[in-house]
Amino acid sequence: MANLPKLDLGLPSYDSLFSTEEERQEANTEKVMTIPINKIKDFEGHPFHVTMDEDMAKLIDSIKENDMLMPALVRPKPDGTYEMISGHRRKFAMSQLGKTEMNVIIRDLDDDQATILMVDSNIQRENIYPSERGYAYKMRLEAMKHQGKSVKEFHGDVGTVYDKSTSCQVGTKLRSDVALADTTEFSARQIQRFIRLTYLIEPLQEMVDGRNENEIKIAFNPAVELSYLTESEQFDLVNAIIENQRTPSLAQCQEFKRLSHDGELTADFIEDTLSEEKPNQREKLSFQMKEIDKYFPKEYTPGKKKDLMIHLLENWAKKRSREQER
């Protein structure tokens with residue numbers, strides 16, 4: 001008899017008929033596995049710094065006392081290694097303790113899924129540098145755009161969506177940065193301002209983050225303006241900042257941006273600007289009136305006290321001058 005073709009009647013397989021629901025659930029459940037640490041590579045382009053700071057010391061002490069309570073999340077790579085999605089700090093802490101293996105959950109993820117999950121699992125940490133947040137948001141937005149699988153022209157907060165094959169309008173869609181803002185505490189505009197920090201050269205990023213060895217700090221808003229300078233102009237600025245041990249004000253940064261846009265910003269102008277003393281950087285003498293009240297009659301007003309102090313200082317300066325002439 002000729003072999004008749006099999007008919008797919010949509011019936012469950014033999015194995016599924018004679019396996020329990022518990023067994024089927026277990027087959028689909030991700031398991032915690034122990035793998036060698038040296039087989040786990042950092043996520044490519046991981047934007048978050050892993051350093052030996054106070055928080056890391058606490059994490060190391062916690063793992064030393066209680067072991068690693070939460071497994072890391074990795075994805076398998078074709079070469080037999082794994083890429084870390086969530087757990088870079090735990091991996092560092094385990095290595096510091098001399099551990100050679102760590103518990104992980106292995107999950108198959110494409111590049112965009114992995115990027116979004118990596119960012120989301122780290123961005124909620126308390127101590128994140130501004131530049132780290134900028135790189136993280138930039139990576140996540142790129143991944144979100146890839147997942148959209150459509151061409152978008154943005155008008156305000158809403159983008160017009162076109163079918164790639166026909167170029168016909170098929171609907172509208174929220175801008176990716178607006179969609180991302182819905183998942184964070186920041187507006188779409190603020191997210192874009194964080195992303196601007198990724199256009200700063202490394203020395204300026206360190207100053208924004210407050211992690212440079214010279215302990216020079218640039219505020220967030222001035223840093224955003226400086227991100228529009230060319231790389232060469234930014235290096236000129238870093239040299240001027242270090243030379244004068246002074247950072248530009250917001251107004252000065254806006255002027256730098258304007259001149260850069262017009263092609264008129266020079267290293268000499270940056271140096272001259274930074275060498276000028278800003279009002280808020282002038283030394284001030286301050287004390288509480290109660291510290292000197294005992295030296296004045298009770299009926300003296302603050303104005304009379306000031307006049308008297310200036311008069312006494314003038315007499316002191318004249319006396320000192322006469323003594324130096326002798």
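**Note on the predicted model**

1. Confidence. The protein chain has a mean pLDDT of 79, with 75% of its residues at 70 or more; pLDDT is the predictor's confidence in each residue, from 0 to 100. Over residues 5–14 the pLDDT is below 50, and this stretch has one contact in the model beyond near neighbours in sequence; contact means heavy atoms within 4.5 Å. Residues 149–173 also stay under 50 in pLDDT, yet the model has 47 contacts for them beyond four places in sequence.

2. Basis. This is a predicted model, in which local features need pLDDT of at least 70 and side-chain atom pairs count only at pLDDT 80 or more, while totals for chains, interfaces and linings use all residues. Residues are numbered from 1 along each chain as its sequence is written, and side-chain values use heavy atoms, with hydrogens and water left out.

3. Sheet. Five strands form an open sheet in the order E1-E5-E3-E4-E2, with mixed pairing. Strands (E, at least two residues) and helices (H or I, at least four) are DSSP runs, numbered from the N terminus, and two strands pair if DSSP finds at least two bridges between them. At the edges are strand E1 (32–36) and strand E2 (40–41), each of which pairs on one side only. The pairing of E2 with strand E4 (residues 82–86) is parallel and runs over two bridges. Within it, Ile40 has Tyr82 of E4 as its bridge partner.

4. Helices on the sheet. Helix H4 (residues 88–96) packs on the sheet and touches E2, strand E3 (72–76), E4 and strand E5 (101–106). The direction of H4 makes about 115 degrees with that of E4; axes are lines fitted to C-alpha atoms, for helices over the stretch in contact, and angles run from 0 to 180 degrees between N-to-C directions. Helix H5 (residues 111–122) also packs on the sheet, touching E3 and E4, and its direction makes about 40 degrees with that of E4.

5. Aromatic pairs. The whole structure holds four aromatic pairs, where rings of Phe, Tyr and Trp (its six-membered ring) pair if their centres lie within 6.5 Å, and planes under 30 degrees apart count as stacked, over 60 as edge-to-face and the rest as tilted. One of them is Tyr137 with Phe194, edge-to-face at 6.2 Å centre to centre and 65 degrees between the planes. Tyr137 lies in helix H6 (residues 130–148) and Phe194 in helix H8 (residues 188–196), so this pair ties together parts 57 residues apart in sequence. Tyr137 and Phe194 are both buried, meaning under 20% relative accessible area, with exposed over 50% and partly exposed in between (1.4 Å probe, protein chains only). Together with Phe220, Tyr137 and Phe194 form one aromatic cluster.

6. A tilted pair. Phe296 and Tyr300 pair at 6.3 Å centre to centre, with 35 degrees between the planes. Phe296 counts as buried because its relative accessibility is 13%, whereas Tyr300, at 24%, counts as partly exposed.

7. Asp209. This residue is found in helix H9 (residues 202–209) and is buried, with a relative accessible area of 7%. Not counting residues up to four places away in sequence, Asp209 touches Tyr129, Pro130, Ser131 and Lys217. Its side chain makes a polar contact of 2.5 Å with the side chain of Ser131; a polar contact is a pair of N or O atoms within 3.5 Å, and within protein one must be able to donate a hydrogen and the other to accept it, with residues adjacent in sequence counting only if both atoms are side-chain atoms.
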